Amino acid sequence: MKQGYKQVKRMTPAMRIIHWVNAICMVGAVITGLYIGHPYYQSFIADGAVDKYVMAWNRYGHFIIAILFDVTSVIIAYLYFFSRFEKPYKKVIPNGKNIAEFKAVVVNLLTLNRKKEFDSSHADSFNTVYFTIFHLLLAWMLLTGLQMYVHGLESGMSSIGTWWPWMLHLVTDWTIPVCGGTLMDVRIAHHMTMWFILCWVVFHIYYQVWRTIFWKEADIAIVIGGSKFVKDDSAN
Amino acid sequence: MSDRIETVKKLFTSKSSRVETNKGDTYYQELFEKCEARLNEMRSLTPANKLDFTDLLEENGIDRREFMKWASATTAMLMLPPMFTPLVADAAVMMNRAPVVWLELQDCAGNSEALLRADGPKIDEIVLDIISLEYHETLQAASGHQAEKQLDEAMEHFKGKYLLFVEGSIPMGMDGQYGTIGAKGETFHDHLVRCAENAAAVVAVGACATFGGIPAAAPNPTGAVGVMDVIKNKPLINIPACPANPANMVGVILHYVLTGQVPELDSLLRPKFAFGYRIHDNCERRAHFDAGEYVEEWGDVGAQNNFCLYKMGCKGPMTFNNCSIVRYNEAVNWPIGVGRGCIGCSEPDFWDKYAYERPMADAKIKAPTGGVEKTVDEFGLGMLTAAGIGIAIHAAASTVAGKRENSGESHE
């Protein structure tokens with residue numbers, strides 16, 4: 001370790017695994033989802049239909065990814081409140097301390113790191129709010145996606161029992177009026193949210209790289225090694 | 001605002017679209033006895049017209065066997081077990097005891113056409129022929145004061161018993177002056193409210209009467225709405241589609257004659273027996289959808305091989321209707337069968353949100369302000385580009401003027 005710096009643990013192995021599962025799922029969901037919305041490559045006409053099954057495989061992949069997202073979302077929602085490491089909900093509550101920190105981080109970004117008046121060793125309020133927005137977008141994708149999925153279970157039955165479509169109706173039917181009243185509005189909302197998420201991802205990657213370059217605290221290492229390095233004031 | 005509060009309330013109270021196809025033996029036994037009793041009661045009533053169903057069948061060359069085949073198919077369509085077949089057949093014979101008043105509002109009369117213009121009347125059309133049509137603005141011989149008198153008499157005579165069929169939307173703009181009817185110039189709205197007052201139930205037929213349909217499409221100059229937005233205190237059944245399938249109209253009337261009740265409805269008040277299933281799941285081209293075999297342009301190799309029409313804008317995956325099962329004109333054919341996609345005509349706002357003949361991703365959507373139309377992807381890419389430009393500016397500025405922390409290494 002470099003002289004005068006101390007190592008700060010920021011992400012547990014579980015958090016890092018979830019991060020990369022989500023990141024890979026995201027890429028897969030976009031690739032398969034764009035195909036489902038508008039099939040952008042053609043199957044080979046000469047093959048028998050049974051060998052191709054292209055749309056079905058795309059949908060299968062999309063749904064498996066959705067299930068992985070379901071699982072990670074439940075875990076993340078739990079960790080937001082009950083994590084033994086850091087409870088992110090504490091940074092989202094709009095109290096005076098958090099608002100001040102949020103502003104300080106925005107100022108730091110806008111002044112191109114000329115002003116840095118907050119402690120960057122721990123998770124800051126701005127990033128936590130930004131991550132929370134992502135989780136909400138993802139939850140919205142899950143709800144609208146499951147709403148579209150349950151249209152195919154109109155008999156009220158499924159291979160795992162009748163509770164599944166029943167629960168999906170109970171949990172997601174409200175998205176129809178919220179999106180605009182028709183099933184098509186739910187689709188449009190689902191598709192549009194993908195673009196919001198892509199914009200979110202672009203800024204997220206940029207911002208973490210920017211922090212790494214300008215703060216010189218190895219922020220980019222958090223998501224791989226789990227820790228960053230900050231100046232150890234006690235050593236000076 | 002109150003509309004919105006109402007919508008939110010509805011969110012958590014609306015019935016799910018789940019279709020229960022088997023409700024258990026006890027339920028059906030009870031229903032069977034109830035229906036039998038009701039049919040016996042109907043039998044004692046004097047028919048409202050002199051048309052005899054059995055004679056009509058014979059005149060049209062339809063034998064008993066064919067009729068019973070129709071009865072069992074209709075029983076299945078109504079999601080009743082086979083033991084109801086004789087009752088359905090009985091009910092069809094007694095259809096001339098069901099008084100119907102038919103209103104024609106803001107529409108193209110396509111639903112009337114649907115039940116009149118069959119190439120040769122089949123059983124569904126014959127059943128619709130013998131219902132006691134007391135008043136039908138498009139079909140009746142009477143006109144002017146005479147027609148109004150007939151309507152008043154029918155409403156008085158069958159008070160609380162007649163079924164009110166409504167075809168067409170209701171213009172609410174300009175105090176409803178966009179559509180008036182009769183010698184007194186009654187607006188469609190007042191006309192509908194007056195006729196609905198003493199009806200046993202109201203049946204909205206076709207896309208316009210159910211959800212406003214094409215008259216209600218953007219920018220909706222007449223302020224058209226569906227019957228469900230006007231009539232709130234009556235049992236209401238929606239039979240959407242453009243036109244509504246005569247098989248489903250017969251189904252609803254038969255169900256009413258048979259049980260005296262409206263059939264089980266979904267959250268959009270559509271009978272579940274007809275609108276409980278998605279077109280996509282019973283489509284003959286579904287295998288091509290799963291295989292990724294799509295018609296890329298009209299008349300291409302895919303089109304010649306009956307490939308899936310999804311990329312030509314088929315909306316079967318988001319449309320609930322039974323036309324992929326019962327088809328139209330007594331199962332002759334249906335839109336996807338003739339090689340063009342579904343336009344979602346049985347769903348609300350279908351003209352604006354379904355019928356654009358492109359996949360959803362290529363559909364033009366309106367900004368919340370009602371302004372510029374872009375596709376979802378154009379809008380999304382625009383957003384992404386804006387984010388990219390913002391980031392590029394910030395990155396460039398940071399490179400030029402940003403302050404790098406001292407990393408502990410010596411700098412010149």
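Helix 11 (residues 246-259) of chain B lies across strand 3, strand 7 and strand 9 of chain B, at about 155° to strand 9 of chain B. This is a predicted model, in which local features need pLDDT of at least 70, side-chain atom pairs count only at pLDDT 80 or more, and totals for chains, interfaces and linings use all residues. Residues are numbered from 1 along each chain as its sequence is written, and chains are lettered from A and ligands numbered from 1 in the order in which they are written.

Helices (H or I, at least four residues) and strands (E, at least two) are DSSP runs numbered from the N terminus. Axes are lines fitted to C-alpha atoms, for helices over the stretch in contact, with angles from 0 to 180 degrees between N-to-C directions. Contact requires C-beta atoms, placed from the backbone, within 7 Å.

| Helix of chain B | Lies across (chain B) | Angle |
|---|---|---|
| Helix 8 (residues 144-157) | strand 1 (99-104), strand 2 | about 140° to strand 2 |
| Helix 11 (residues 246-259) | strand 3, strand 7, strand 9 | about 155° to strand 9 |

The open sheet of chain B has five strands in the order 2-1-3-7-9, with parallel pairing; strands pair if DSSP finds at least two bridges between them. Strand 2 (132-136) and strand 9 (236-239) of chain B are at the edges with a single partner strand each, so one side of each lacks a neighbour in the sheet. The twist averages 20° from one strand to the next. Five bridges join strand 3 (residues 163-167) and strand 7 (residues 201-205) of chain B in the parallel sense, and B:Phe165 has B:Val203 in strand 7 as its bridge partner.

The contact between the chains takes 48 residues from chain A and 52 residues from chain B. Helix 9 of chain A gives the most to the side of chain A that touches chain B, with 16 residues.

Technical notes. Contact = placed C-beta atoms within 7 Å.
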